[in-house]
Amino acid sequence: MAQWDRLRQLPIAYRQQLHELYDRDALPMDVRHYLAPWIEKQEQRAARDHAFAMVLFQVLLENLDIQHSRFVQEESFLLQHNIRRYKQNFQRYVDDPCALATTILWFLEKEKEILESAELAEKVGSTLSGLNDILDRIQDIIDVLVKKELVEWQRRQQKACIGALDNVCLDQLEKWFSCVAVCLFQVWEFLTKLEELVGKVSYENDPVKAQNPTLQKRVDTLLRDLLKSSFVVETQPSMPQGKGSLVLRTNVQFSVKARLLVKFPELNHSMKVDVSMDNKPPVFCRYRRFNVLGTKIKALNMAESTNGGMVADFRHLISLSVTEELHIIYFNTVFELKGFSVELQASTLPVVIISNSSQQQSAWASVLWFNMLSQDPKDVMFFANTPAATWPQFGEMLSWQFLSATKRGLDDTQLEMIANKLFGKFFHRLLLHSENTPDTFWVWFDGILMMVKTYLEDLWRDGLIMGFVTKGKEKSLLKKKKRGTFLLRFSESVIGGITFSWVEITVTGEPDVKTVQPFTKVDLSQIPFHEIIRNYQILEAENVPENPLLYLYPDTPKDKAFGKYYTEKSGEDSPYIKYIKTKLVFVSKE
């Protein structure tokens, strides 16, 4: 594109410079406009070569005549007048055409300077506009990371704390967070350097000077938001011998791990993390001693992480508190790198602190209820107005307890028995509240779970224990089966007890269901349950002792179902037979 055409298309600020340049008579703008192609072909030697300059001078006058004739034909009276006057003015260069050539070349150079200035501003404004586009995309990515991916991870962690087998690995999130943070930090450094340069060199209408502060503020906000969201609690508080996460006991050590999802190796060991407990309990709480003892300050480091993440692993903290209310443990640190600084805070899910083991089931029930329903991980006032749960939510949560402890959850039939026990046959229509699940239920349920996890895990995982079935349901199932069919169920009256029932046939041909007294940890700690089933005998007067257990419900031969668990010796040679004869032959009146 011709130089003059490019100048005419510039933004108004640069066209104004062009008007100011031609606000003089040395080279009228009309002449520059109408003779643009010819003027732009001028050579530098015209300013030095008199003969060459004279030729160009004559051509200039001829071109002006041509333009004058054209305006006459077009009846452009004013332009005719102007062109004739310009030609007369140029006559003063007749003895020194080199001076005119020099003047024209000077104007052309000034035009180039205006163009270069505009092009530079345009390039800087492409660059700055491009940065804005990049920041738009980064904003979208941060929104996805913080408002979707991180929130979903936090919800998975809540569910995992109460038994769900959800994936709570942070490695992929760390990669995403780190990638975005590194990109943002590079932009932040670039704009910081740009600001330094503007302080040293600038010019009128400098787009960097105008736009850089806004860009800096935007990058600063994005980086701060990302970093603040990247500091999380990777492993929630738990005691080494505790039932699960988030229930702590006074004067007993617990561990918790914080992690920075933005990995900058140069920050290894330089960021100190301080632990504190919420010292603002709910207004209805009577106790106000909420302290954490132990090593409360640690450095984020990559040595204590299995994957090279930036973590602070607190393994020997001790809580001092005497309340079952919900409280939060906070982690504070400062991110500082190359002049950029921001305070970060991570917080645990609400914990329940107890002073003795009798509070365990109640505390764990609170943890279960909170993490089943709460969408706000910092809502310590949750139980001031507890939301209701549907049975599917509650049942799924109960199933998680077995799933996490034994790798086998509860099926619909087992859950239905629990629901009937708790709420009656219309449980599907109910909205459940925490007060509908009394502590006695949690004691019963927890006793079964601990018994299964400790003594019956293999049998449970292989589906050999029906477990949660009522006595009435048990009888209706067995009465339809052949003699010797038996099933295993958890006692409804004995905490942490398991029993079995089998069907006998009376002399009149009627089915008769009999049940053995429940076995508890006292029994199961001395003899494996499969050996009880294998060697169990009925000792009745005038009858030869026999094992009445022949088929595991519905019709699996006993030895086929339990054979892989048997010891080599059986019968009178079994190391357990003496115990069985003296302890485990009573039929329950349950």
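Visitor: What makes β4 and β6 a pair of strands?

Guide: In this predicted model, strand β4 (residues 272–277) and β6 are joined by three bridges in the antiparallel sense. Two strands pair if there are at least two bridges between them, so with three bridges β4 and β6 count as paired. One of the contacts along the way is the bridge between K272 and its partner in β6, A299.

Visitor: Which sheet do these strands belong to, and why are β6 and β10 said to stand at its edges?

Guide: The sheet is an open one of four strands, in the order β6-β4-β9-β10, with antiparallel pairing. β6 (297–299) and β10 (340–347) each have a single partner strand, so one side of each is left without a neighbour in the sheet. Direction ignored, neighbouring strands of this sheet are turned by 25° against each other on average.

Visitor: What is the order of the strands in the open sheet of five?

Guide: There the order is β16-β15-β14-β17-β18, and the pairing is mixed. Its edge strands are β16 and β18 (556–557), each of which pairs on one side only. Between β15 and β16, which run antiparallel, there are five bridges, and E504 has D512 in β16 as its bridge partner.

Visitor: Which helices lie across this part of the structure?

Guide: Helix α13 (residues 439–461) lies across β14 and β15, and runs at about 145° to β14, while α14 lies across β14, β15 and β16, at about 165° to β14.

Visitor: Which residues of α14 are buried, and how do you know where on the helix they lie?

Guide: In helix α14 (residues 471–478) the buried residues are E474, L477 and L478. Seen down the axis of α14, these buried residues fall within an arc of 90°, so they line one face of the helix. Their cover includes β14 (485–490), β15 (498–505) and β16 (511–515).

Visitor: Why is P511 called partly exposed?

Guide: P511, whose place is in strand β16, has a relative accessibility of 28%. Partly exposed covers the range between the 20% limit for buried and the 50% limit for exposed, so P511 at 28% counts as partly exposed. Not counting residues up to four places away in sequence, P511 touches K479, V503, E504 and I505. The C-alpha atoms of P511 and K475 are separated by 9.6 Å, although these residues are 36 residues apart along the chain.

Note on methods. Residues are numbered from 1 along each chain as its sequence is written. This is a predicted model: local features need pLDDT of at least 70, side-chain atom pairs count only at pLDDT 80 or more; totals for chains, interfaces and linings use all residues. Side-chain values use heavy atoms; hydrogens and water are left out. Buried means under 20% relative accessible area, exposed over 50%, partly exposed in between (1.4 Å probe, protein chains only). Helices (H or I, at least four residues) and strands (E, at least two) are DSSP runs, numbered from the N terminus. The arc is that of the directions from the helix axis to the C-beta atoms. Contact means heavy atoms within 4.5 Å. Axes are lines fitted to C-alpha atoms, for helices over the stretch in contact, and angles run from 0 to 180 degrees between N-to-C directions.
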